[in-house]
Amino acid sequence: MNHSRKKPVKWFKNWKYITAIIIAIIALAVIAISYYQANHFNANKKINGIEVSGLTADEALEKLQTSVLKNDVYIGNELIIDGNDTQMGFTEEDLSEIKKLLKGQWTFLPSFKSKEYSLTPSKDDQYRSVSLKKELEQKLNSMNEKLQAPKDAQVTLQDGKVTVIQGIEGTQYDVASLVKDYEKQPFTSEIRLNPILIQPTKEDSEIVKDQEKKLQALLQHNVDYKVQDKVHSLKGSEVIKNASVTKDMEISIDASDLKKKIAEINNAQSTLGKNFTFKTHSGSEISVKGEGYGWALDVEKETSLVQAAFEKGEKSISASNIHGNGWNKEGYGYDIIANNGIGDTYAEVSIAEQRIWLYRDGKMVLTTNVVTGKHSTGEDTSPGVWYVLFKRTPYTLKGSAVGKPDYEVKVDYWAPFTNSGQGFHDASWRTNWNSNAYLTQGSGGCVNVSPSMMKAVYDNLSVYQPVVVY
């Protein structure tokens, strides 16, 4: 009986021994697996699309170094560039990064979870970072030439009303955004870019709302336009019917209506080519056409000036582009308002009376008899409102006259007033100073003054002074 009870105790001791052995084996297995796990990549692991499952860091580096990049560039599923094959370009300097990936993927027990790692070589790949990127830009720009460009929503002023035109989608690629996307792509054979299209500005965008406000403000804007002593209040809503505004808030105005307004002001105020109402020495009122004397606005330039004032938001501006019939197309008389635009300082020449009167500041300072152009040969002194071009003392007159094809004569004083060469000068050679001498023995068109009076006449004439001949 006692002998049969000892057998279970022996068996129990053997079982404990066996268990200890099993535990030890398991521990060793776990240690072995853990060690393996720590030094080898788990299953289903890739670096830049290259399978590295079960490889050590050194083995993975070697495989990467021997792998080829096809450098194929896709947009969506469309291959747009079949790039050159290149080596991945990894070096020993990249081993530490591979070890970091290896350490980071470690699990206590083997993992079969798929994982794709992205790693860029420390040494720059010139083909991929420079050449291929440039080729991508060129390719996209070339493709865009055949694709439909989007149209931004636009705000325009049409026929006096602010209108918002809806934007239209296009099919062109956003090159800048795609290049940025390219730069962020993993270092794999296939470079897959999501199609990014150029987006039009929408009608509900802030920029469109600001453009709308800008044009509304243009309609409400007024510019005070001063011409001589008159100020014309130009209202945007009246002189601007069509305009547009850029994304940079630069306004562009169709100036056709504004030009009509400037032309209207010019026609009302200018004196060029118009008749001047003139009160003679005797007090009678006559009408004398402006010839050399007079001014007009350069409508084209003035329109541009006022247009710029509206576009820049300026509130007032003065006319500054004046022209006329002067030697260089300059206009005179713009600054003169009194005496119907002739002013209070002028010379009056009466062909009928063969006499001149000089006025300064409204007062007559000199009058004397003269001999004007020869009437019988059609060489009359030209009627009209002129101005003294310049003054010279002494001077040599050169020219031609009826019966005298070429002449050259010296005078002490010379003050021309027409572009054709008529003017005041002394005539020491003249013997006939009668009031009817001009009919058959007049000058070649000039106003002859006796030598005894010419210096006083000369001294009382000033350059640009109006000369009224009638």
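How many bridges join β20 to β29, and do the two run parallel or antiparallel? I began the notebook with this point, working on a predicted model.

**Entry 1. Strand β29 and its partners**

I found 3 bridges joining β20 to β29, and the two strands run parallel. Within this pairing I located Glu348 opposite Val468 in β29. I then looked up β23, which pairs with β29 in the antiparallel sense over 4 bridges. Here Tyr387 stands opposite Pro466 in β29. I note that strands of a sheet pair through backbone hydrogen bonds, either parallel or antiparallel.

I next asked which way the side chains of β29 point. Pro466 and Val468 point one way from β29, while Val467 and Val469 point the other way. I recorded all four as buried. As background, the side chains of a regular strand alternate between the two faces of the sheet.

I counted 13 aromatic pairs in the structure.

Phe276 has a relative accessibility of 2% and counts as buried. Tyr293, at 1%, counts as buried too.

I then turned to Phe278 and Tyr470, whose rings also form a tilted pair, at 6.4 Å centre to centre and with 50 degrees between the planes. Phe278 lies in strand β15 and Tyr470 in the segment after β29 (466-469), so this pair ties together parts that are 192 residues apart in sequence. I looked up the accessibility of both residues. Phe278 is buried, with a relative accessible area of 0%, whereas Tyr470 is partly exposed, at 24%. I also noted that ring pairs link Phe278 and Tyr470 with Tyr346 and Tyr359 into a cluster.

**Entry 2. Charges over rings**

I looked up two cases of a charged side chain over an aromatic ring. The charged end of Lys391 sits over the ring of Tyr458, 4.4 Å from its centre. Arg430 lies over the face of Trp433, at 5.9 Å from the ring centre.

**Entry 3. Helix α6**

Which residues of helix α6 are buried? I listed Val175, Leu178, Val179, Asp181 and Tyr182 in this helix, which spans residues 175-183. They cover an arc of only 160 degrees around the axis, which means that they lie on the same side of α6. On the face turned away from that buried side I found the exposed residues Ala176 and Lys180. I also checked what covers the buried residues of α6; the cover includes β4 (72-75), α5 (126-144) and β10 (190-193).

**Entry 4. The sheet of β1, β2 and β7**

I traced an open sheet of 3 strands in the order β2-β1-β7, with mixed pairing. β2 (50-51) and β7 (115-117) stand at the edges with a single partner strand each, so one side of each has no neighbour in the sheet. Strand β1 (residues 45-47) pairs with β2 in the antiparallel sense over 2 bridges. In this pairing Ile47 stands opposite Ile50 in β2.

**Entry 5. Backbone details in loops**

I looked up a cis peptide bond, which runs from Thr393 to Pro394 with omega near -10 degrees. Pro394 is found in the loop between β23 (384-387) and β24 (395-401).

Gln228 has a phi of about 55 degrees, and is found in the loop between β11 (222-227) and β12 (230-235). Lys329 has a phi near 65 degrees, and is found in the loop between β19 (322-323) and β20 (346-350).

Is each of these residues buried or exposed? Gln228 counts as buried because its relative accessibility is 17%, under the 20% limit. Lys329 counts as exposed because its relative accessibility is 58%, over the 50% limit.

Notes. Residues numbered from 1 in each chain as written. Predicted model: local features only at pLDDT ≥ 70, side-chain atom pairs only at ≥ 80, totals over all residues. Heavy atoms only, no water. Buried < 20%, exposed > 50% of the residue type's maximum accessible area, 1.4 Å probe, protein only. Arc of directions from axis to C-beta. Contact = heavy atoms within 4.5 Å. Phe/Tyr/Trp six-rings, centres within 6.5 Å; stacked < 30°, edge-to-face > 60°. Lys NZ or Arg CZ within 6 Å of the ring centre and 35° of its normal. Pairing = 2+ DSSP bridges.
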